Structure formats: structure tokens, C-alpha cells
Amino acid sequence: MTTGHSELLREATDTALAAAIRAPSPHNSQPWRFEVCPGRIDVLLDRSRVLQVVDPDGKEARIACGAALFNIRAALRSARLTTTTELKPATENPDLQATVRVTGQPYEPTAEDLLLAAAVEFRHTNRYTFTDRPVSDEIRNELVYAAREEGGQLVTLDEPAQLDALAGLVSGADEAQRRNAGFRTELARWTTRLGERDEGVPIEVGGPRPSTDGLFAVGPLRTNGDAGRTRRPLPLVGVLTTHTNSDEDLLRAGQALQCVLLTATSWDVRAAFLSQPVEVAETGRALRNLVAATGQPQVVLRFGYSSVALPTPRRPVSAVSRYL
Ligand SMILES: Cc1cc2nc3c(=O)[nH]c(=O)nc-3n(C[C@H](O)[C@H](O)[C@H](O)COP(=O)(O)O)c2cc1C
């Protein structure tokens, strides 16, 4: 390997790690670590950062690791490097989630690869009211395709009755969580003030669990000129599912999630998470029935347009990575 090549590889690795830490994570807990050697990045779960109340089995933490993994792959692809990815490699270390290797073959990035990699720094969770501008069918189809590309399925709820049912599950689960003292303590621990910490969600940008009021609202009724009837455009809401809840499928869910979110960002569409019904056991079962036959629900997302998008802080790459 020439010096020039190893310098390029080192630069691409640094860019990939900078992208990895921009991934979403529950309460911005950033439950990941990275171990790096030339041509290889290992993604590890940081168990000390798994949220004990909302995520006792570490499922959401593994989804977050999967999202970080997608950002690494996207950054390396846009640096013209071919990669292979192994999920849950056989190893003594149970924290190891995935290994990305650079093969040495050059890669010609597609326009889509470049768009997704460029979207990483502009993707922020929406914590504000959406405008009433509907998301087009074309974009909806792109989001569904993005999930499928990464081994997930984005099931959109296209019937008003399904949306009503989901709204009921979200508010029921939200109330159950807010009645739980352990949930409130955990939430307080991850609710921060701007500039105070490099983890958690500052109250100034909405906090880790903004109000779910109005998340399904889509503005006033519109008059349909031809028929003289009124209609209300439905909000775009999707449930991301995988076949099973295995560690590998949770990592696939995270990669599919990030591919969907970056695709949305590339269209200027923002997403809000509604994890409450996945996190509470009873509503989780009802949610499975709602998306019947399509597998295990992992993440619920509302998509739309919003004028504000504020970033949340991150721990620096140096605090979460180690060069071996
Ligand atoms: C698996 C998962 C579940 C999440 N659930 C919620 C949620 O229920 N409500 C919410 O507002 N944000 C949720 N988030 C978003 C995080 O709070 C957000 O990613 C984190 O604060 C970092 O902010 P950013 O996404 O704007 O970079 C979730 C993120 C992940 C990965």
C-alpha cells in the first residue's frame, strides 16, 4: 500500500467516523463505540448508554448502531471505496455489532450515494409542528424503496382509520410512560440545556420527548373544486418493520431507518419519531396487529415539512473511537 493510499484511507475513515456520530439515537444517548484499524471499522454497542427504562433490551440502541453503520458505509462509498459489511461477526466480544471492511477495489459512487452522504449533516429529528404541505406519492415511494434496499419495510398507514388507531396507541403509550416515575427520571437525565453537555436533547430544541399533540394534524380542510367536497390530506406516517427482533434484524432496521431519513432529507422532508407504542408492551402488541403480517415494528415515523431544523450535540469522535 502506498503512503498516498494510506493517507486517503485514513482521511476517508475520519470522515466516516464524523458521519457515524451524526446518527440518531434514543434521547441522543449515542450508545456506540468504534474500533479502527487500516481498512476496517468495527461498530460496538456501548451498554453503559442503553436506556434502562424505555429500552431495557437495548433494541433501540442496536437500531442506533445500525444507523451509525449506514452513515459509515455511505461516507466510504462517497469516498470511492468499495466496502463489505458483516453483521454480528462471530467473536468473543458480545458488544461487537458490525465490521465494515474496505476491499481495495475502487467504487464509482452513484448520484444517490453522493446525495445520501451529503444529507448526513442536514438530517435532524423534527420536534416542531409540521406545515400542512403534503408529501408527494413520488417521495413516499422513494422512502418505501429506501427501507427495502436495506432489508427493512416501511409500511405507510394510508387509511384514516389506521391513523386514528395509531394516534390512540401513541397517546395511550405516552400517558403510560409519563405516569411511570422511572421513565420521568430517565427523561430528566437526558433533558439538557443548550451548550451544557454533548449528549441528551437540549430543552431549547424541543427536549428528548416533545409533545405528541398535533403530530397527526395536517392543517385545515381543503375544498375540492370539482366535486365541491372538502377533504383533508392525510399526514404521511410509516412503521418501519423487520422480519424478526434478532440483533442482525435490529441492525438492518437501523440501516433502513437511516437510509429512509437521509432520503427524506435529500427531498427537504423531515421526520419525527413516535416510539412510544413500540416501547410499551401492550401497545406494541396492538401496533403489530395494525401492520399485520409485515413483521416486527421497530420505529414509527411521521414525515412532512417544517421550517425549523435544529441540530443536537454529539460527543466528539475522539471520545467514542479507538485506533488499534
Ligand atoms: C430508535 C430511536 C427511537 C427514537 N424515539 C424518539 C421518540 O420517541 N421521540 C423523539 O422525539 N425522538 C426520538 N428519537 C430521536 C432522537 O431523540 C434523536 O435522534 C436524538 O435526539 C439526536 O437528534 P437528531 O436526530 O436531531 O440528530 C429516536 C431515535 C432513535 C434512533
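Analyst: Here is a walk across the interface between the two domains. The model is a predicted one.

Start with the layout. Domain 1 covers 3-123 + 313-323, and domain 2 covers 137-304. Between the C-alpha centres of domain 1 and domain 2 lie 23 Å.

Next, the contact itself. On the domain 1 side, 34 residues take part, and they touch 39 residues of domain 2. Together the two domains bury about 3200 Å². Carbon and sulfur atoms account for 66% of that area. Within domain 1, the residues that lose the most area to domain 2 are His27, Ile63 and Leu87. Those three make up 21% of what the domain 1 side buries.

Now the polar and charged links. The interface between domain 1 and domain 2 holds 4 salt bridges. As for a salt bridge in this model, Arg62 pairs with Asp247, with 3.4 Å between the closest N and O atoms. Polar contacts between domain 1 and domain 2 come to 11 residue pairs, both residues at pLDDT 80 or more.

Which helices of domain 1 supply at least two residues each to the side that touches domain 2? They are α2 (59-78) and α3 (111-119). The top contributor is α2, with 11 residues.

Last, the make-up of that side of domain 1. Sorted by class, the residues are 17 nonpolar, 8 polar and 9 charged.

Terms used
Residues are numbered from 1 along each chain as its sequence is written. This is a predicted model: local features need pLDDT of at least 70, side-chain atom pairs count only at pLDDT 80 or more; totals for chains, interfaces and linings use all residues. Side-chain values use heavy atoms; hydrogens and water are left out. Domain bounds come from an automatic or database domain assignment. Contact means heavy atoms within 4.5 Å. Buried area is the accessible area (1.4 Å probe) that two parts lose on being put together, summed over both. A salt bridge is a side-chain nitrogen of Lys or Arg within 4 Å of a carboxyl oxygen of Asp or Glu. A polar contact is a pair of N or O atoms within 3.5 Å; within protein, one must be able to donate a hydrogen and the other to accept it, and residues adjacent in sequence count only if both atoms are side-chain atoms. Helices (H or I, at least four residues) and strands (E, at least two) are DSSP runs, numbered from the N terminus. Ala, Val, Leu, Ile, Met, Phe, Trp, Tyr, Cys and Pro count as nonpolar, Asp, Glu, Lys and Arg as charged, and the others, Gly among them, as polar.
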